[in-house]
Amino acid sequence: MPTMTMIEALRDAMDVKLTQDPSVVVFGEDVGYFGGVFRCTAGLQEKHGQTRVFDTPINESAIAGMAIGMAAHGMRPCVEVQFADYVFPAYDQLTQEASRIRYRSNGQFTCPMVVRMPTGGGIFGGQTHSQSPEAVFTHVSGLKTVIPSTPYDAKGLLIAAIEDPDPVIFLEPKRLYNGPFDGNHKGKSVGWGSHPAGQVPEGHYVVPIGKADVRREGHDLTILAYGTMVYVAEAAVAQAGIDAEIIDLRSLVPLDLETIQASVEKTGRCVVVHEATRTSGFGAELISEVQEACFWHLQSPIQRVTGWDAPYPHATEWDYFPGPDRLARALIKAMED
Amino acid sequence: MKKTAKLHFPQPPARPDETPDFSAHDIGVAGAIGVPPLDIQAKDAREYANGLIRVMDDDGNAVGPWADLIKGRDASTLRQGLRDMLRMRAIDKRMLNAQRQGKTSFYLQCTGEEAIGCAFQRQLQTGDMNFPTYRQQTLLVAADYPLEPLFGQLYSNSYDPMQGKQLPIMHSSRKHGFFTISGNLGTQYIQAVGWAMANALTGDGNIAAGWIGDGATASNDFHSAMLCASVYQPPVILNIVNNQWAISTYTGVASGKSRTYAARARGYGIPALRVDGNDYLAVAAVSTWAIQRAREGFGPVAIEWFTYRAAAHSTSDDPSAYRPKNEAAAWPLGDPIERLKTHLISLGEWSQERHTQAEAEALDEVTAVQKTVESAGTLVNPGPTSPATMFDGVYAEMPPHLRRQRQEMGV
């Protein structure tokens, strides 16, 4: 089985769908001739032609709006927003239009489209290249929001997203593009080549949207994580020496509450972690769901570790990033209470 | 003397207690502007974008090169146009009353603008798609959309194809080339460009038409649509209905110092025309030309339909608070129904008696269907509703959290 980075896995997913389905088109800023600033679409225009893979003006609202028109017509656009931080001009089109085309027309028109965007920090990107805006999409009915943490999942989820009959917000943790990252920024970076999840099958396969993945089985505590935080959780568990169960949510909407509930009922303790800012973050939603479903199984208050409620700073990035030390402290606290 | 910077706040020509004044508008002369070649470039479109294309003169005669373009058509097509407009006006009349009686929460008329959508739609083919605003019910009427679902949508009852999911007037009919209306202004304009790109990419031979009001040309999606239409050259017609008023806001607040909205399109490299929107023949002729241009692959075109919103913005609006009550009557380009009627009579193809009869027939037909549809429920006398349907169609397949919420609702 070939080894792929997350970038290669995403590219392979688009290649598979472009080859298989003539209604699939890929476009966005710099994605055509050049192949994207993160190289996710490199070579796709050369292979599939510029009617299938092309550059757009710097206008995210137009990218989303064109995709909606195409999707309503019957095509399957898979578009890129260069950084998740740049998606906000498209917010009206995505949250008021794409999300509701099916609903408001009672199924006469639908909107099968994917909006890919690199999310999260850890690359010294400062406040406009580091944000994690998942909660502004999970709050919107009619959208699906997914976020893979491995090359294998990235390919399978992206194929599932392109084939999905509804609009999917596809968040790509950019710090994981070239290798797993556990928050130990002073350590040597590792690539996907040596990681089992870097093994990516050729051709078509799907990772279903709405299914979480139990990344580590454990008995003492449940960690709910997604994206880069999955690896931070692994490091924190090793650091704290706690037998925690780590759940990689993979899909935020729809949420795999069944897997979450089974785990928390088993462990009786729960810690939620995300890189996004805390207030009204997706962690608040997770905590609410867990306490509603598992209150009588909980042995301690649910802990929450997140980015601080400040813009993502440049020079002090690692004080902002919720790394393994902070998470380990929360794990210990959850065990002590 | 030292000059200082001062802000400019555009003002309408007249406020409520003043005399209507449209003298600033140069409406030109019927028949004066020619028909451009189909492959015209934006740079050569100055006279079409800055002038005003008119076909009917003050006596109702069709004159000039645009008249010649549609000269061979049977008078029955014009009578059909007249009947479309009469039917539209009858619907508006009946629904305004129904809203006043509390039978529906909201309604919005298109009085004075009937010629634009009615004549445009009759030139389209099945498969073409409009991306309308809420004031283009005319497109549905002229697409022979049945009156039952039309009224059903306005009453949100069992005749409503949208099952009460949308505010009244936010129609949708894929089959009739009418894209689901948003209610957020401007968003549909760039979507029309995307749809037209899909027309070209799939080679289906169809075209798209985007619609926007003068007020919403201020929105970012107007720019997005103009730019992307210019960049990718899809078969799209970008219609701008300039009816002088955006609720209470004078059109000058959207146009600034630009002379016409059509001229703005030329800045994007899109050829544009400015047309008397109250002239059914002018609308039919220019639409025919623009649709042929788009379909034959000559790229996008923009059309400013110059008209006047004779009625209130909606049933929630009282225009006497911000403009003279008799301003519509002073509009220099008249009323579209009266003008087409005069033209047909001058051709010997119509008469006042036939007109009176046609008016009565339209009202009778509309009233009969309205009564049937009202029997399934109105706001004052609601029919049975099914709250569980609010969860249908959020997604193709209902995810677990919506299933749980539906259970929680207890239905």
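Student: In S2(B), which residue is the bridge partner of Phe131(B)?

Tutor: This is a predicted model. S1(B) and S2(B), residues 208-213, pair in the parallel sense over three bridges. In S2(B), Phe131(B) has as its bridge partner Gly210(B).

Student: What is the strand order of the open sheet in chain B?

Tutor: The sheet has five strands with parallel pairing. Its edge strands are S1 (129-131) and S6 (272-276) of chain B, each pairing on one side only. Neighbouring strands are turned by 20° against each other on average, direction ignored. The order is S1-S2-S3-S7-S6.

Student: Is Met409(B) buried, partly exposed or exposed?

Tutor: Met409(B) lies in helix H14 of chain B, residues 400-409. Buried means under 20% relative accessible area, and exposed means over 50%. Met409(B) has 35% relative accessibility, so it counts as partly exposed.

Student: What is the area of the nonpolar surface patch that includes Met409(B)?

Tutor: Met390(B) and Val411(B) make the patch together with Met409(B). The area is about 250 Å².

Student: How far does helix H1 of chain A reach from its first C-alpha to its last?

Tutor: H1(A) covers residues 6-20, which is 15 residues. At 1.5 Å a residue, 21 Å is expected. The helix is close to that, reaching 21 Å.

Student: How many residues of H1(A) are buried?

Tutor: Buried residues of H1(A) include Met6(A), Ile7(A), Leu10(A) and Val16(A). Asp12(A), Asp15(A) and Lys17(A) are also among them. H1(A) is largely enclosed by the rest of the structure, because the buried count is 11 of the 15 residues.

Key: Residues numbered from 1 in each chain as written. Chains lettered and ligands numbered in written order. Predicted model: local features only at pLDDT ≥ 70, side-chain atom pairs only at ≥ 80, totals over all residues. Heavy atoms only, no water. Patch = residues over 30% accessible without salt bridge, like charges linked within 9 Å, V, L, I, M, F, W, Y side chains within 5 Å. Areas by Shrake-Rupley, 256 points an atom, 1.4 Å probe, with all protein chains shown as cover. Salt bridge = Lys/Arg side-chain N within 4 Å of Asp/Glu carboxyl O. Helix = DSSP H or I, 4+ residues; strand = E, 2+ residues; numbered from the N terminus. Buried < 20%, exposed > 50% of the residue type's maximum accessible area, 1.4 Å probe, protein only. Expected span 1.5 Å × (residues − 1). Pairing = 2+ DSSP bridges. Axes fitted to C-alpha atoms, helices over the stretch in contact; angles between N-to-C directions.
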